[in-house]
2 protein chains.
Amino acid sequence: MAGVRQFDEREALSRALDVFTDRGFRATSMLDLATGTGVQRGSLYNAYGGKEEIFLRAFGEYTAGFLAGASAALDRPTKRAALLSFFDYCVRTFTAGTPAHGCLSTRTAIEAATESPRAESAVRALLDELETLVYTKLSTLDDGVEPPVDLHAAARLVVSTTRGLAVMERVRYEPDELREIAETLVTSLFGR
Amino acid sequence: MAGVRQFDEREALSRALDVFTDRGFRATSMLDLATGTGVQRGSLYNAYGGKEEIFLRAFGEYTAGFLAGASAALDRPTKRAALLSFFDYCVRTFTAGTPAHGCLSTRTAIEAATESPRAESAVRALLDELETLVYTKLSTLDDGVEPPVDLHAAARLVVSTTRGLAVMERVRYEPDELREIAETLVTSLFGR
DNA sequence: GCTATCTTTGACAGCAATGTCAAACATGAC
DNA sequence: GTCATGTTTGACATTGCTGTCAAAGATAGC
């Protein structure tokens, strides 16, 4: 097999993810990706076809990392503690960077959904997996605290709330305010 | 005063709002606005300066309309009924159109926040007013049902949840699913 | 009617991005 | 070392949009 790729794909996709995280799907151009990865535009076209494909690959890594982090955060002895830790993880994730870069999946849901069905599906898949993850963790924790609603519904509401927080963050709600909103939800679901 | 504007400003801004609602802030070009309003690009530049200014004016009308609708929807005899009606109004609002156009303020928060501080402030102002509206209505309703959290916090969580629903809608959650998420929240806050 | 004033119109130059391609290049297989 | 194969590179044509402007047009006040 001669004629071999000259750049490190893992490295390049990781850098590409940084660019997308920073600028969002729509605002990043192939030139941005070329600059960010150190790979020429033509090479990127040759290797991946275009922006959407690069995004989907980079987003795959994002998904894996986010779910792993969320899972770790949920590892707490009570439902309340697990959810507070989970929300704290979310808030820290999307207020990282200066200026804060926001939540990539939420930005993608809004920006890319209409113009890229594949990106839409990728985000939807992430949310579905996240809901399953939250539900599984909650149903595992037997701390005697029962919510006033079905646990599946509670998990979905939790996921939905992460999206709400991501939007609020974009209009200058502070991290502490976001955590407070989350705590309000957790208290409503599982008490104090 | 000679040299007078040839087009109906109210009509034009209303049409412009339709365009923004349909395509979102970022994706609408001045040409889109010219086509949508029937006013030439040059005239729009002359009258308003550019896209941001047109958006802000159109968004003002959106804000007024949305708050009026929300207020009407909240006019129910119990907290639970008021909130369910409110969320139903939200869901109907942003699943309108074919294909559904989503929630303009949420799309703007994500799309425009970084590139237009004024748009960001406009969205933030809308959310603040909405929170006040919800809080006021809830605190007025004396149906004997008390939430397990502070009412101000509850109102903010409600507003945040509308944002969450708006994001979920973008990745193909159906109207009924969105209403179900909302109901889960309402039940958590005020019981069945 | 005339005029001053503002608006409308179509055209223009500029910019940023896209997607493609031929030529130059690197490398594994033999 | 040669070759076949896929990659890299810089250039190119194209597109869509922006912002501006001079000339033409409309209208209120006189």
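Tutor: In this predicted model, DNA strand C is surrounded by 22 residues, and the closest are Ala2(A), Ala2(B), Gly3(B), Gln6(B) and Gly42(B). The elements that contribute two or more residues to this surface are α2 (30-37) and α3 (41-48) of chain A, together with α3 (41-48) of chain B. Among these, α3(B) provides the largest share of the surface near DNA strand C, namely four residues. Sorted by class, the surface near DNA strand C holds ten nonpolar, ten polar and two charged residues.

The class division of the surface near DNA strand D is ten nonpolar, ten polar and two charged residues.

One residue of chain A deserves a separate remark. Since a residue counts as partly exposed when its count of neighbouring C-beta atoms falls between the limits of 12 or fewer for exposed and 20 or more for buried, Asp8(A), with 13 other C-beta atoms within 10 Å, is partly exposed.

Turning to chain A as a whole, the chain contains nine helices and zero strands, so that its pattern, read along the sequence, is α-α-α-α-α-α-α-α-α. Its C-alpha atoms fill a box of roughly 60 × 40 × 25 Å, taken along the principal axes, and 44% of its 192 residues count as buried. Of the contacts in chain A with a separation of 6 or more, 61% are accounted for by residues 24 or more positions apart.

The protein chains also touch each other, with 36 residues of chain B in contact with 36 residues of chain A. On the side of chain B that touches chain A, the elements giving two or more residues are α6 (104-111), α7, α8 (151-170) and α9 (175-190) of chain B, and the largest share, twelve residues, comes from α8(B). By class, the residues on this side of chain B comprise 18 nonpolar, eight polar and ten charged.

Helix α7(B), one of the elements on that side, also packs within its own chain: α4 (residues 51-73) and α7 (residues 117-140) of chain B pack at an angle of about 10°, with their axes 10 Å apart. Because angles under 35 degrees count as roughly parallel, α4(B) and α7(B) are therefore roughly parallel to each other. In this contact, α4(B) brings Glu52(B), Phe55(B), Leu56(B), Phe59(B), Thr63(B), Leu67(B), Ala70(B) and Ser71(B), which meet Arg118(B), Ala119(B), Ala122(B), Leu126(B), Glu129(B), Leu130(B) and Leu133(B) in α7(B). Taken by class, the residues of the contact of α4(B) with α7(B) are ten nonpolar, two polar and three charged.

Conventions. Residues numbered from 1 in each chain as written. Chains lettered and ligands numbered in written order. Predicted model: local features only at pLDDT ≥ 70, side-chain atom pairs only at ≥ 80, totals over all residues. Near = placed C-beta within 6 Å. Nonpolar A, V, L, I, M, F, W, Y, C, P; charged D, E, K, R; others polar. Axes fitted to C-alpha atoms, helices over the stretch in contact; angles between N-to-C directions. Parallel < 35°, antiparallel > 145°, perpendicular 65-115°, else oblique. Contact = placed C-beta atoms within 7 Å.
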